[in-house]
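Subject: Two-chain model, handover and findings

Hello,

Here is the structure I promised to pass on. My notes follow below it.

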Amino acid sequence: MSLKSKSISSKNSLNEDERLKKISPLRVLLNRPELGALGGSILVFIFFGIVAGDTGMFSAYGMLNFLDVSANLGIIAIAAAMLMIGGEFDLSIGSMIGFAGICIAIPAIYWGWPLWMSIVFAFAMAVLVGYFNGIMVVKTGLPSFIVTLAMLFILRGLTLAITRLITGRTQVPGLRVLIEDDPLAWLFATDTFKWLFTWLGSLKLIELRTDGTPLATGIPPSVIWFIALTLFATWILMKTRYGNWIFASGGDKVGATNVGVPVGRVKISLFIGTAVASTIFACIQVLDAGSADTMRGTLKELEAIAAAVVGGCLLTGGYGSAIGAAFGAIIFGTVSMGIFYTDVDTDWFKVFLGAMMLIAVVFNNYIRKKVTESK
Amino acid sequence: MSDYLVQFNNISKFFGKVIALKDVTMRLKKGEIMCLLGDNGAGKSTLIKTLAGVHKPDEGEIIFEDNKIVFDSPKDALDIGIGTVYQDLALVPLMSVTRNFFMGREPQKGIPFLKTFDVEKANKIAADRMGQIGIDVRDPSQAVGTMSGGERQCLAISRAIYFGAKVLVLDEPTSALGVHQASMVLKYIVKAASEGLAVILITHNVHHAYPVGNSFTVLNRGKSMGTFQKKDISREKLLSMMAGGEELDKLEVELQEMDRIHNKN
């Protein structure tokens, strides 16, 4: 964007720089990490528009459905993307989701804590886990892949062991009744813009139930969180000093340290970020389902990384974007839901996911070469 | 007040039993370019790290503008104005010129807690600074990876100067460069010195050092073999000192002597 505005403004300014080659907007776009994911999203929408356009996938209810799935994945994908830009991985995201779930459910159901306190407790645990991951990686210099793989097993094991020890089961139901009147839970459990849907329903613009209320009742909380986090992460990356430090830490750890970037602190904070995002994910899911399940979030870390990679993050760090990861999540969410509306067997979803990721990596590799080569 | 901007007096550094540096002394005036010459393993890297505050010297003292200084970290050295440009330059190829220029020291604007990186200001300064040294940054938001080796070197030096370096320590700034690129960098170094900076140019290339240097310190096996003013020493003499040429000369003299005695008998 800045490239474009510069080439336009320099035409009018006094110190015109005739050496500045005019760069077409297309060229500017080509150099952005989001491009692949943006193009991919458009293709996916066109595809389902043709294949499943008349099946109800693009009704208000259908759209909210796939947006909800995309948004849930997006919440963790954005945090994973920021960590990847900072040069590290977190494989414990999925396990953290399960762990955060029981951190909310067990105190609330078995110890009689108010729900808001359990939620605060879950976030506190997330900060601890993230801090531990970060400090281990920074202090030992071990690859984050290994450290967080260990954490993947430890957290999942802890989740299972503690839950069975306290409850004798692997699921903790009964949360739904606690949501009402809780001062904090509404943040993760309220559909918004209900008036809009009621209004659209009264105009018969969207589908109605037999009792006259609209089928889609409001924007789910996941979507609001997703949008807010995308904007927040993008603001951080593009517009703040800390954002520059994230790019620098991932791009060249030694160089960044030499010019005074607190690389260790940046990385630790990013690990805390992924753990906290996992907990947001867990809050939304647990409060929506009304129960915590020890296996919740399994394999989510890989989906989050896949979305980040499709969104243009390099596996080596130092390059990528939050908006890209958001589009990556939208692609996966749309396809995973859209596939139900087509005649294709849902078993093929994973094939698609893998192929998409492979294409994205090849494409990103090409882009990186383009960026670092002389033009 | 002494004439010297910065003095490194009798610096020694030991790693266990290994003597990495012993009694190295260097004194620089404003506007002076001192070339530190030495072959591989002469202790150049250790000396640079000691100057930059990475290592604490085990013996000796550092005097900056007549004050004795002890560095606890690289930041201390930066803060008083010793800017070190390492061989790897501390540049990230995937990041833009501006983002690299201000890496770690980004200008900010806005209210507390919501401060933003002032990209416009940063772009302007980066473009101005690169323009001053005659480098055509077509656009400061282009990636550093698109620049030539010489341009990157100049960017790193220019960054160090912008952030208040009074003493520039340059580690092998021309080693990976072709003739044209190297001369561009050397030209810039001379210009920086003419504006009042003291420059320590570390290199093993006498041909790059001799034309720009005012004085030359030769390092061999951790010891200084002395500092020489340009008028006192020739390029050939420097070269032979660096390569341990004196030892070879001595050997040659001894051989001739033996030969002479042999012939007499």
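What percentage of the 265 residues in chain B is buried? The answer is 45%, where buried means 20 or more other C-beta atoms within 10 Å of the residue's own, exposed means 12 or fewer, partly exposed lies in between, and C-beta atoms are placed from the backbone.

Some ground rules. This is a predicted model, in which local features need pLDDT of at least 70, side-chain atom pairs count only at pLDDT 80 or more, and totals for chains, interfaces and linings use all residues. Residues are numbered from 1 along each chain as its sequence is written, while chains are lettered from A and ligands numbered from 1 in the order in which they are written.

Chain B overall

Chain B has 9 helices and 12 strands. These are DSSP runs numbered from the N terminus (helices H or I, at least four residues; strands E, at least two). Along the principal axes, the C-alpha atoms of chain B fill a box of roughly 90 × 40 × 35 Å. Take the contacts in chain B with a separation of 6 or more: 68% of them join residues 24 or more positions apart. Contact here means C-beta atoms, placed from the backbone, within 7 Å.

The core

The largest nonpolar core has 189 residues. Such a core is a set of buried Ala, Val, Leu, Ile, Met, Phe, Trp, Tyr and Cys residues joined through C-beta atoms within 7 Å. A:I78, B:L168 and B:I200 touch the most other members. Helix α4(A) gives the largest share of this core, 17 residues. B:L168 is in contact with B:G83, B:V85, B:I157, B:A160, B:A192, B:L197, B:V199 and B:I200, leaving aside neighbours within four places in sequence.

Helix packing in chain A

Start with α4 (residues 60-85) and α15 (residues 300-310) of chain A. They pack at an angle of about 65 degrees, with axes 8 Å apart. That makes α4(A) roughly perpendicular to α15(A). Axes are lines fitted to C-alpha atoms, for helices over the stretch in contact, and angles run from 0 to 180 degrees between N-to-C directions. Angles under 35 degrees count as roughly parallel, over 145 as roughly antiparallel, 65 to 115 as roughly perpendicular and the rest as oblique. α4(A) passes α15(A) in a right-handed crossing; the near helix is turned from the far one by less than a right angle, clockwise for right-handed and anticlockwise for left-handed. On the α4(A) side, the residues include A:L73, A:I76 and A:M84. On the α15(A) side, A:K300 and A:E303 are among them. By class, this contact of α4(A) with α15(A) has 10 nonpolar, no polar and 2 charged residues. (Nonpolar: Ala, Val, Leu, Ile, Met, Phe, Trp, Tyr, Cys and Pro; charged: Asp, Glu, Lys and Arg; polar: the others, Gly among them.)

Next, α5 (residues 93-110) and α14 (residues 263-289) of chain A. Their angle is about 55 degrees, with axes 8 Å apart. α5(A) and α14(A) are therefore oblique to each other. α5(A) also passes α14(A) in a right-handed crossing. The α5(A) residues in the contact include A:G101 and A:I104, and those of α14(A) include A:S278 and A:F281. The count for α5(A) with α14(A) is 11 nonpolar, 4 polar and no charged.

Last, α11 (residues 221-239) of chain A and α12(A). These pack at about 80 degrees, with axes 5 Å apart. α11(A) and α12(A) are therefore roughly perpendicular to each other. A:I236, A:L237, A:M238 and A:K239 in α11(A) meet A:Y242, A:G243 and A:I246 in α12(A).

Individual residues

A:S249 lies in α12 (residues 241-251) of chain A. A:S249 is buried, because 27 other C-beta atoms lie within 10 Å. A:G87 is 162 residues away from A:S249 in sequence, but 6.8 Å away C-alpha to C-alpha.

A:T170 sits in the loop between α7 (144-167) and β1 (171-173) of chain A. With 14 other C-beta atoms within 10 Å, A:T170 is partly exposed. A:T170 and A:T294 are 124 residues apart along the chain, with C-alpha atoms separated by 5.7 Å.

Two phi values deserve a look. Most residues other than glycine have a negative phi. B:F113 has a positive phi, near 75 degrees. B:F113 lies in the loop between β7 (108-109) and β8 (116-117) of chain B, and counts as exposed with 5 C-beta neighbours inside 10 Å. B:R221 has a positive phi of about 50 degrees.

Best wishes

Conventions. Two residues are in contact if their C-beta atoms, placed from the backbone, lie within 7 Å.
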